[in-house]
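Dear colleague,

Please find below the structure that I am handing over to you, together with its sequence.

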Protein chains: 2
Amino acid sequence: MNNPTSPSDSTSCKDPCLQELQKFLGERLSLSKSVREQHGQDESFHASAPPEAVAFAESNEEVAEIVQICVKHKKPIIPFGTGTSLEGHVAALYGGICLDISGMNQILEVNENDLDCRVQAGVTRKQLNQHLRNTGLFFPIDPGADASLGGMAATRASGTNAVRYGTMRENVLGLTVVTADGHIILTGTRARKSSAGYDLTRLFVGSEGTLGIITEVQLRLYGVPEAISAAVCSFNTLVGAVNTTISTIQMGIPVARIELLDEVQVDAINRFAGFDYDLKPTLFFEFHGTESWVQEQAEMVKEISSEEGGSDFHWSNREQERQKLWEARHNALYAALALRPGSKGWPTDVCVPISRLADCILETRSDIEESGMIVPLVGHVGDGNFHLLFLIDPDNEEEELQRYQPLNDRLVERALRMGGTCTGEHGIGSGKIKYMEAEHGDSLELMRQIKRAFDPDNLMNPGKMIPA
Amino acid sequence: MNNPTSPSDSTSCKDPCLQELQKFLGERLSLSKSVREQHGQDESFHASAPPEAVAFAESNEEVAEIVQICVKHKKPIIPFGTGTSLEGHVAALYGGICLDISGMNQILEVNENDLDCRVQAGVTRKQLNQHLRNTGLFFPIDPGADASLGGMAATRASGTNAVRYGTMRENVLGLTVVTADGHIILTGTRARKSSAGYDLTRLFVGSEGTLGIITEVQLRLYGVPEAISAAVCSFNTLVGAVNTTISTIQMGIPVARIELLDEVQVDAINRFAGFDYDLKPTLFFEFHGTESWVQEQAEMVKEISSEEGGSDFHWSNREQERQKLWEARHNALYAALALRPGSKGWPTDVCVPISRLADCILETRSDIEESGMIVPLVGHVGDGNFHLLFLIDPDNEEEELQRYQPLNDRLVERALRMGGTCTGEHGIGSGKIKYMEAEHGDSLELMRQIKRAFDPDNLMNPGKMIPA
């Protein structure tokens with residue numbers, strides 16, 4: 001990594017690439033140490049690697065020009081939205097320029113009749129839903145953080161609603177991308193389906209900035225349901241909760257959300273958000289539809305859960321109460337961190353076929369118990385996706401990371417053995433790059449071919465996703 | 001194109017590639033003229049281009065070996081399933097070997113608990129559903145023909161159920177692919193979602209054999225709904241039918257099928273299948289769910305349609321009656337051909353944002369009326385996708401094709417102008433390759449980069465999808 005200049009000598013910067021960028025962007029190229037450090041670190045435990053400079057772009061054309069300047073000087077480029085990634089995606093491992101698109105935050109169009117919209121990549125999911133509040137439409141994908149929609153596309157994000165509405169894979173209709181040679185291209189159309197050519201949209205969704213920079217996103221929207229009902233149900237056993245999930249999915253009940261919290265996580269949420277849920281494995285449900293259809297779905301799920309030893313449903317029908325419930329769920333990470341004040345979080349993320357979910361969680365639980373550590377578990381269990389949260393003491397970071405690493409390795413190995421994936425929604429970044437070979441085998445070579453074809457100089461977010 | 005040997009002199013074949021293939025496959029390499037001709041022609045009007053030989057493969061390993069032999073001799077390879085494509089996909093435009101995988105027709109596994117299955121690429125959609133009949137599961141994607149699932153993946157097929165269940169893009173979880181250098185690779189996992197690496201599955205879905213040969217397909221399955229109800233409703237105006245569709249989608253009613261037939265097509269179906277529907281623009285509906293939910297969906301749609309001048313619903317609740325109705329819809333192509341006995345069909349296929357559907361159909365209708373020809377229209381209108389059928393007299397083929405071509409060009413131009421695509425579900429093949437530039441602009445260059453990276457010698461189905 002190059003040694004970046006300090007803020008005080010920014011005007012006398014000697015790097016010709018930085019000089020050219022500074023000429024182009026003026027004050028929107030920052031060499032300040034604090035800005036660079038803030039941009040080299042995401043929300044995870046991964047070590048910070050500040051870029052040499054941060055470029056704040058405001059248009060497709062500016063992004064293209066910045067990429068062209070960087071390519072000319074063979075300078076790496078790392079895109080940055082809100083910095084809420086979890087696998088070291090934004091670290092400047094080989095130096096280079098952080099391209100911050102958070103200023104590209106315009107909602108370009110909302111097509112109410114087509115249930116779609118187009119946004120600049122820096123628009124966040126909450127900003128979009130706030131903008132949509134009077135249209136009767138909403139955008140369902142909800143990772144915990146208020147991430148940028150460009151970042152969510154780049155990491156193929158999902159969240160609690162994915163069981164009903166899909167992930168970014170299903171909800172991105174098209175993109176504007178600045179390619180690694182600085183061209184602005186469009187992928188997809190506004191048609192709901194097409195058989196015309198290679199699916200470039202889905203190639204860029206999940207590519208983590210390694211193939212180009214996503215600058216605009218065309219998204220599907222959905223009508224706000226006539227009725228929404230949320231419920232909480234606790235179980236004496238983890239198996240009861242998981243089996244309820246499996247039966248619900250197998251019966252095709254279109255539950256909008258079905259989230260598992262184990263007793264450790266329930267305890268964390270009770271303390272953090274003032275709830276008094278039983279300290280048991282607990283499912284949070286949400287049902288969307290017409291009044292009677294919501295009621296019918298809930299009745300079917302209640303019947304399943306009572307067969308699996310579930311408690312009575314605790315309902316949250318009023319909007320305010322529901323929002324409090326889901327806010328608690330979305331704050332699960334922060335609630336868990338508060339179990340060990342001052343700790344940093346390392347969230348794991350595997351996804352398995354739902355028939356293997358109980359096995360995978362139980363094997364994992366017993367592995368954790370042997371370690372003697374306090375590790376809460378939450379899961380988007382309708383998709384077979386769950387997270388552990390390892391709590392790391394920053395004063396003893398090196399040692400604690402080494403203690404947790406074998407647990408995570410075994411978790412990934414277990415998920416792969418069960419036909420699953422090493423990451424359901426967080427992505428690869430640098431943190432999971434070592435699992436790519438085990439998950440993909442020979443098909444990894446095709447990914448390398450695509451990477452080389454699009455980015456022959458390996459300048460687009462190098463060191464992420466594709467192992468050298 | 002090389003001039004293939006005739007069947008009688010097949011044993012003295014001089015081509016070293018064919019000799020090597022013959023040595024490997026024995027009688028499963030056919031040089032027979034009739035076999036070759038049958039394999040050089042799909043169900044469309046596009047000119048036949050027989051391959052030099054047809055190789056009948058029975059395993060992944062055989063496909064890999066055949067590809068390796070062909071690559072060594074720089075011989076083009078054209079994959080073949082059931083030959084029911086519609087844009088000349090199987091024509092051997094540059095000679096070469098047709099790789100027929102119809103013998104790879106084993107259903108490898110059905111995971112009832114995970115709602116998925118794995119099949120060899122030659123399994124057809126009807127074969128799969130027949131196999132599933134006692135499981136309570138079904139596979140919904142239904143192009144008119146009983147196509148192979150490998151072919152359906154390769155052309156990103158859809159059909160009448162796509163409005164509810166998605167297309168092959170949403171329903172393929174993973175693939176086995178023989179790459180252009182003869183390696184067998186796996187894409188995807190059995191997990192419902194993943195953020196691990198480039199989405200190779202969706203890159204191969206819709207790639208029409210130009211990047212590799214799909215030999216196995218992992219598919220999503222769905223529970224057979226507790227209740228299914230179908231209904232037919234006619235309208236005084238095309239606009240009334242289209243507006244009913246638009247409102248149904250906008251209200252988020254999860255209709256399973258919503259199909260439009262214009263009066264010409266209704267007439268064709270009445271004659272062909274013995275129905276007596278009113279000769280008016282007509283919608284065919286299907287609703288899936290629980291008894292009461294199906295009824296509620298139908299009530300909502302009835303209310304919309306009556307506001308748009310729709311007739312009473314004519315119900316088909318008994319399974320046999322329903323099947324007859326949908327068989328009639330699936331035979332729309334053959335019914336339409338019978339309007340002009342002895343004719344060949346040229347089905348068009350555009351897809352637009354649903355807000356533009358009425359405009360697109362009406363402009364198209366008036367364009368057709370000026371031409372003075374009889375052109376039936378059917379549409380998967382819930383997706384914004386519709387087809388015209390041009391009826392071609394084979395005795396006057398050249399002249400008639402020239403008469404229809406400008407109509408199709410204007411239809412595509414109109415769809416693109418409205419934010420749509422030149423093909424919703426039939427694919428590009430050679431027939432629509434000339435529209436790729438207009439639809440994709442600069443992003444076509446990325447497709448070319450992928451093609452060159454995966455298939456540097458341009459041996460995989462050359463002349464299809466990617467313009468030279």
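In chain B, the strands β5-β6-β10-β8-β9 form, in that order, an open sheet of five strands with antiparallel pairing. Here two strands pair if DSSP finds at least two bridges between them; helices (H or I, at least four residues) and strands (E, at least two) are DSSP runs, numbered from the N terminus. β5 (107-111) and β9 (184-187) of chain B are the edge strands, each pairing on one side only. From one strand to the next, the twist averages 15 degrees; axes are lines fitted to C-alpha atoms, for helices over the stretch in contact, and angles run from 0 to 180 degrees between N-to-C directions. Within this sheet, strand β6 (residues 116-120) and strand β10 (residues 212-220) of chain B run antiparallel and are joined by five bridges, with R118(B) opposite Q218(B) in β10(B).

As to provenance, this is a predicted model, in which local features need pLDDT of at least 70 and side-chain atom pairs count only at pLDDT 80 or more, while totals for chains, interfaces and linings use all residues. Residues are numbered from 1 along each chain as its sequence is written, and chains are lettered from A and ligands numbered from 1 in the order in which they are written.

Strand β14 (residues 282-289) of chain B is mostly covered, with eight of its eight residues buried; buried means that 20 or more other C-beta atoms lie within 10 Å of the residue's own, exposed that 12 or fewer do, and partly exposed lies in between, with C-beta atoms placed from the backbone. T282(B), F284(B), E286(B) and H288(B) point one way from β14(B), and L283(B), F285(B), F287(B) and G289(B) point the other way. β14(B) runs antiparallel to strand β12 (residues 227-234) of chain B, to which eight bridges join it; among the partners, A230(B) is bridged to E286(B). Strand β13 (residues 257-261) of chain B also pairs with β14(B) in the antiparallel sense, over five bridges, and L260(B) has L283(B) as its bridge partner.

In chain A, four strands in the order β1-β2-β4-β3 form an open sheet with mixed pairing. β1 (29-30) and β3 (77-80) of chain A stand at the edges with a single partner strand each, so one side of each has no neighbour in the sheet. Helix α1 (residues 16-25) of chain A lies across β1, β2 and β4 (97-100) of chain A and runs at about 30 degrees to β2(A). Helix α3 (residues 60-72) of chain A also packs on the sheet, touching β2, β3 and β4 of chain A, and its direction makes about 175 degrees with that of β4(A).

Yours sincerely

Terms used:
Two residues are in contact if their C-beta atoms, placed from the backbone, lie within 7 Å.
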